[in-house]
Amino acid sequence: MHSPARRRFLSTIAVAAAAGVLPLRPAGAASGSVPVSRAHFPQSVASGDPRPDRVLLWTRLAAPAAQLRLQVAEDTGFARLRVDRMLQPPRDSDGCLKVRVENLQPATAYHYRFLLDDGHGGQVSSPIGRTRTAPAADTDAPVELAFVSCQDYGGRWYNTLLPLLERELDLVLHLGDFIYETTGDPQFQDQAGERTIALDDIDGAIALERGGQRYYAARSLANYRQLHRTFRSDPVLQALLERTPLVAIWDDHEFSDDCWQDVGTYHDGAADERDRQRRRNAEQAYFEYLPVDLELADATGAGQAAQLPVQRERLFPNVQLWRRLRFGKALDLLLTDYRSQRPDHAIPEDAFPGALAYDQPQLQALLPRLGLEPAAVLPTLIPYVDLAAPMLQAQRRAAQHAIAQAYLAAGQSPAQAERRATQATASAIALPVLAQFLQAWNATAPASAQVAVPDAAGLARGLPWLALGKTTLFGDIGARYVAVKEGFDLFAALGALDGAPSPYAPAQRQWLEQALLDSDARFKVVASSVSFTSLVLDLSRPELQAPEPMRRRFYLNLDQWDGFPAERRRLIGQVFDRAGGVIVLSGDIHAGFATQHSAATVEFTTPAVSSETLGSILARSGEGEGAQQQATARVAAALDALVIDGNPSLRYAQTRRHGVGLLRLDGEHAQARFLELPDSVCRQRHYDAPEAIGSQLGEKRFAFARDDMRLREA
Ligand SMILES: [Fe+2]
């Protein structure tokens, strides 16, 4: 129940449009020509979540106002008004205001503006927005949408959005990374010229360091608000949202890179990064700034100017971003939330490489359940030593000392280092890892204290984290990134025996399944912030000249759906394929893919609007000397071919260009396309001369049909 005593942070106001055209008010009425003041509305206007009878309108005021008026009209001259009413000016929401306008006609364009007193007896208007309601569910109308993701701001420009300004779109689907919470992360961000962000509330931010370079991540509400304000200052993004309704979901960077629930991953397990307050700050700013129409509160006095206060108790962990929008007979749009419910990454970033995920007795019991013969599999695994054995006490003490030293060197406190080393040597430890630490011990110990490395012969074998590619004490390599395919496949299959982990909590999982199987729409778009497309790199190819330990097949990124293989298989095979007409639209990976997941299910992964491309990020990490760096540089150079080679369901892959996706549904037919620009183009501003990018704009098209979902290049 709603109680006025509860703290409110954001008000959505619902207003009902008049059934007919409103008579123009004689006195004090705003006429069509009120001067537009972007200074009063520096983030302009936006609309979102269009439904056949309603849409959400958004604006932000630069300064508090005594009076605020909303007009919604059928015409650009605001002669045929459907709404003309005073609104409560926003409070405690950084000037942001959301108004839900109800009682509208389906598949209809509306024009809207917010009006303010200019302080000198006159009025000023916001920029005039145009929105469009969805076609009714029983209407057979074509639907065209753009799908975009990853619009990093520092040193980058949204030139890829320019072609969208020429189109009449039903909606722009934003798949996440609408903002980036870090400013100047040297792994993938630049700070240059006027596209620089310095957080004002620096005390409220998280100070981070990489390669000796200091940078910051947002933590306070003020930090996140500043980021949204800044990203929304971009005139091209404003122009797009002024003319096309937005439908948005979030990915990680709206909160924290590679996050899960309210946990960040900057320190790769070396520190506890759970931070509920930070997550809620991020969500609050998100809901203030994005025209997302969630039922975040109970309507009171619905109909006439009802206030729908969003309450903090409705934010994480209670938030429900997943929702469904319908566009005629053509499209059911299912919007999923991959981040706020997902479990931790399958391989812990702080996993000790020598610790066993599965030991020999466990494998002997479980392998037959996978249809595998233990006698065939075990010899391929890694020998391990039980350091609890009495005859290995000297080795245990030596290893414990060497491991504690390693944890100290990794920045742990003496007590933490001692605790982790004790745990690592309490029982089983993979022989190659033990050998490495015993050699470290022997290198400095007096002759009398030297210990022998146990012999591999006759040892039990198991699956240590090392077999998944984990070689450091704290790190994303072998955890979220670049995990050994063979080891991870076995690990994931064993883990799924007693229920496959899913990024969705049961309610969302059930909702998605039900919605897809019940839907009578011709096409169903599953909007997923991250890609379902598997990225497997075979680094054993001789031309890559990779150092010996790298000569195997790797999953590039387990933060995306590759980290949930069993649930992905189940969803595609048992839900998407059964529902029919399922198109997955995704982003996040800063590369473009077209994927034929099955005869019935396709996916289009959109490249980044502006964020550093996957190819460039990899090339950056291959800078410098050393065999590994040089191999990484060769991998980056051959990335497109490697990605295609590693996944037979890919029909198209590119990792070096920015771009946007377009999807058009017309009767039984569908067409998807990518509009792409080389990455160098996004480092310069082309807003005033968009024709300059025309010659560099590439296009890739795919056609398919409801009864034949096989992708054809068109
Ligand atoms: Fe991104």
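**Helix packing and an iron site in a predicted model**

The axes of helix α6 (residues 393-409) and helix α7 (residues 414-424) approach to within 8 Å, crossing at roughly 135 degrees. This is a predicted model. The crossing of α6 past α7 is right-handed. On the α6 side, the contact is made by Gln400, Ile403, Ala404, Tyr407 and Leu408, which meet Pro414, Ala417, Glu418, Arg420, Ala421, Thr422 and Ala424 of α7. Sorted by class, this contact of α6 with α7 comprises 8 nonpolar, 2 polar and 2 charged residues.

Turning to the metal, the iron ion is coordinated by Cys150 through SG, Asp177 through OD, Tyr180 through OH and His590 through NE2, at 2.1 to 2.5 Å. The arrangement is irregular because the 4 donor atoms subtend angles of 84 to 167 degrees around the iron ion. Along the chain, these donors follow the spacing C-x26-D-x2-Y-x409-H. Distant parts of the chain are linked here: cysteine 150 belongs to the loop between β10 (143-148) and β11 (171-174), while histidine 590 lies 440 residues apart from it, in the loop between β27 (582-587) and β28 (592-596).

Two points of backbone geometry also deserve a look. The peptide bond from phenylalanine 316 to proline 317 is cis, with omega near 5 degrees, and proline 317 sits in the loop between β16 (306-311) and β17 (323-327). Aspartate 92, in the loop between β5 (81-87) and β6 (96-102), has a positive phi near 55 degrees, although the residue is not glycine.

Methods
Residues are numbered from 1 along each chain as its sequence is written. This is a predicted model: local features need pLDDT of at least 70, side-chain atom pairs count only at pLDDT 80 or more; totals for chains, interfaces and linings use all residues. Side-chain values use heavy atoms; hydrogens and water are left out. Axes are lines fitted to C-alpha atoms, for helices over the stretch in contact, and angles run from 0 to 180 degrees between N-to-C directions. Helices (H or I, at least four residues) and strands (E, at least two) are DSSP runs, numbered from the N terminus. A crossing is left-handed if the near helix is turned anticlockwise from the far one by less than a right angle, and right-handed if clockwise. Contact means heavy atoms within 4.5 Å. Ala, Val, Leu, Ile, Met, Phe, Trp, Tyr, Cys and Pro count as nonpolar, Asp, Glu, Lys and Arg as charged, and the others, Gly among them, as polar. Donors are N, O and S atoms within 2.8 Å of the metal (3.2 Å for Na, K and Ca); water is not among the atoms, so sites may look incomplete. Four donors count as tetrahedral if all angles lie between 85 and 135 degrees; four count as square planar and six as octahedral if opposite donors are over 155 degrees apart and all others between 65 and 115; anything else is irregular.
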